[in-house]
Amino acid sequence: MRIENHPILGTFHEGGQMVTFTLDGKEMQGYEGEPIAAALRAAGVMTHRHTLKRDEPRGVFCAIGRCTDCVMIVDGKPNIRTCITPLKAGMKVQTQYGIKAKE
């Protein structure tokens, strides 16, 4: 279930540096540099946010950073498009509820 070739970020190969990050406080692992969404998908996580009005789950839809279905809170910053944001060691990723207004 791992995304190995991304239309914007390029090709990823297993065997790269495995790093640890957290999702809602739970420790997870992925390959450094792969999209956060790819690491989540490989771990079986398909829901990245919930809609504000109906609390409907959303996940990767376009996978090229054009929509907002995969946005999450990353290192305290809301609305991060996880499909195009490279994973780094120690990232703190959180499920997002609604789309946060920019401050």
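This is a predicted model: local features need pLDDT of at least 70, side-chain atom pairs count only at pLDDT 80 or more; totals for chains, interfaces and linings use all residues.
User: What share of the 103 residues counts as buried?

Analyst: Of the 103 residues in the protein chain, 38% are buried. The accessible surface of the chain is about 6200 Å². Carbon and sulfur atoms account for 50% of that surface.

User: How do I read contacts between residues that are apart in sequence? What percentage join residues at least 24 apart?

Analyst: Take the contacts between residues at least 6 apart in sequence. In this protein chain, 44% of them join residues at least 24 apart.

User: Now the core. Which residues have the most contacts inside the largest nonpolar core?

Analyst: First the general idea. In soluble globular proteins, nonpolar side chains tend to be buried together. Here the largest nonpolar core has 13 residues. Those with the most contacts inside it are Phe-21, Leu-23, Ile-36, Leu-40, Leu-87, Met-91 and Val-93. The elements giving two or more residues to this core are β3 (18-23), α1 (36-42) and β7.

User: Take one of these residues. What is Leu-40 in contact with?

Analyst: Set aside the neighbours within four places in sequence. Leu-40 then touches Phe-21, Leu-23, Met-28, Val-45, His-48 and Met-72. Two of these, Phe-21 and Leu-23, are also on the list of residues with the most contacts inside the core.

User: On to charges. How many salt bridges does the structure hold?

Analyst: The structure holds four salt bridges. One of them joins the side chains of Asp-69 and Arg-49, at 3.5 Å from N to O. Asp-69 lies in the loop between β6 (57-58) and β7 (71-74), and Arg-49 in strand β5 (residues 49-50), so the pair ties together parts that are 20 residues apart in sequence.

User: Are Asp-69 and Arg-49 buried or exposed?

Analyst: Both Asp-69 and Arg-49 are buried.

User: Which residues does Glu-56 pair with?

Analyst: Glu-56 has a salt bridge to Arg-54, at 3.8 Å from N to O. Glu-56 also has one to Arg-58, at 3.2 Å. Glu-56 is partly exposed, at 28% relative accessible area. Arg-58 is partly exposed, also at 28%. Salt bridges with shared partners link Arg-49, Arg-54, Glu-56, Arg-58 and Asp-69 into one network. Arg-54 is exposed, at 64%, because the cut-off for exposed is over 50%.

User: Next, strand pairing. How many bridges join β7 to β8?

Analyst: β7 and β8 run antiparallel, with three bridges between them. Val-71 stands opposite Arg-81 in β8. The hairpin of β7 and β8 has two residues between the strands. In this hairpin, Asp-75 takes a positive phi near 50°.

User: Strands have two faces. How do I use that?

Analyst: In a regular strand the side chains alternate between the two faces of the sheet. Then check each residue in turn. Asn-79 is in strand β8 (residues 77-81).

User: Why does Asn-79 count as buried?

Analyst: Asn-79 has 18% relative accessibility, and buried means under 20%, so Asn-79 counts as buried.

User: What does the side chain of Asn-79 meet?

Analyst: A polar contact of 2.7 Å joins the side chains of Asn-79 and Gln-96. Beyond neighbours within four places in sequence, Asn-79 is in contact with Val-71, Met-72, Gln-96, Ile-99 and Lys-100.

Terms used
Residues are numbered from 1 along each chain as its sequence is written. Side-chain values use heavy atoms; hydrogens and water are left out. Helices (H or I, at least four residues) and strands (E, at least two) are DSSP runs, numbered from the N terminus. Buried means under 20% relative accessible area, exposed over 50%, partly exposed in between (1.4 Å probe, protein chains only). A polar contact is a pair of N or O atoms within 3.5 Å; within protein, one must be able to donate a hydrogen and the other to accept it, and residues adjacent in sequence count only if both atoms are side-chain atoms. Contact means heavy atoms within 4.5 Å. Two strands pair if DSSP finds at least two bridges between them. Accessible areas come from the Shrake-Rupley method with a 1.4 Å probe; for residues, only the protein chains shown count as cover. A nonpolar core is a set of buried Ala, Val, Leu, Ile, Met, Phe, Trp, Tyr and Cys residues joined through side-chain atoms within 4.5 Å.
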